[in-house]
Amino acid sequence: MSFIKKYLLPKEIDFNAYLLDQARLGHVVVTDLYRAGTEDLPISQESIRLITQRARKLKTRNMEELLDVFITPYDKESIYRMITQLDWLVLSVKHFLLEARVYNIHCLGDYEPILKTLVVMSSALEKGIAALEGRKLSAITKPISHIHLAYDQVVESCAEATARLLSEEDCKHIIRHKDILAQLKEIGKRIQVTANTLEDMAIKVI
């Protein structure tokens, strides 16, 4: 049987595990962002480079396997969307760190509630993708619902922070931090869009 499986049967890849690798990286980098913001840790060019390197490695591996395999647990288009959107999540964190470093913004304590909500969202996304293997709809839709509610909180918090920012007089300060808030909202949006794809995948197979 092992001979038949190795040489005659189509190649099978555990895309549940591969997608989970990307989701875990997403949660790790969002958590690192939270720590950098609340503990006033320096944002170096090296840390940005490492994030980019890790994300590229996982995306490349997953895309190569997707192109090479015949049998997949979900349609290839859904897997492709999930791979690219999980990569976009990590890239959005990278872009935030890049802007914060270039703008010379070291203290993000004012944005601690937003950063904390993003950590909750990335954790819920990881749990939802981890539940794909068990194919239990309730285990997948519960974290997705948490993400939808949390995203509303992120948008509202960013709007309120922007309103407070616009009441200040320092134009350069306003521009810098307005861009930072927009990028925080972008991170939340990426998690939300990825959750929508996860929900689509779950509905198709369960």
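I looked up the handedness of the H5 and H6 crossing first: left-handed, the term for a near helix turned anticlockwise from the far one by less than a right angle. This is a predicted model, where local features need pLDDT of at least 70, side-chain atom pairs count only at pLDDT 80 or more, and totals for chains, interfaces and linings use all residues. Residues are numbered from 1 along each chain as its sequence is written, and side-chain values use heavy atoms, with hydrogens and water left out.

Next I checked the axes of H5 and H6 (residues 137–166): they come within 9 Å and cross at roughly 160°. So H5 runs roughly antiparallel to H6 (angles over 145 degrees count as that).

Then I listed who meets whom (contact means heavy atoms within 4.5 Å). Among the H5 residues are Ile114, Leu118 and Met121, and H6 brings residues including Ile147, Tyr151 and Val154. By class, I noted 12 nonpolar, 4 polar and 1 charged residues in this contact.

On to the core. The largest nonpolar core has 61 residues, and Ile129, Leu184 and Ile187 have the most contacts inside it. Such a core is a set of buried (under 20% relative accessible area) Ala, Val, Leu, Ile, Met, Phe, Trp, Tyr and Cys residues joined through side-chain atoms within 4.5 Å. I followed Ile187: leaving out residues up to four places away in sequence, the residues it touches include Val30, Phe96 and Leu118.

Last, the loop between H4 (76–102) and H5 (112–130), where I found Asn104. Phi of Asn104 is near 60°, a positive value. Most residues other than glycine have a negative phi. Asn104 is exposed, at 52% relative accessible area (the cut-off is over 50%).

Conventions
Helices (H or I, at least four residues) and strands (E, at least two) are DSSP runs, numbered from the N terminus. Buried means under 20% relative accessible area, exposed over 50%, partly exposed in between (1.4 Å probe, protein chains only). Axes are lines fitted to C-alpha atoms, for helices over the stretch in contact, and angles run from 0 to 180 degrees between N-to-C directions. Angles under 35 degrees count as roughly parallel, over 145 as roughly antiparallel, 65 to 115 as roughly perpendicular and the rest as oblique. Ala, Val, Leu, Ile, Met, Phe, Trp, Tyr, Cys and Pro count as nonpolar, Asp, Glu, Lys and Arg as charged, and the others, Gly among them, as polar.
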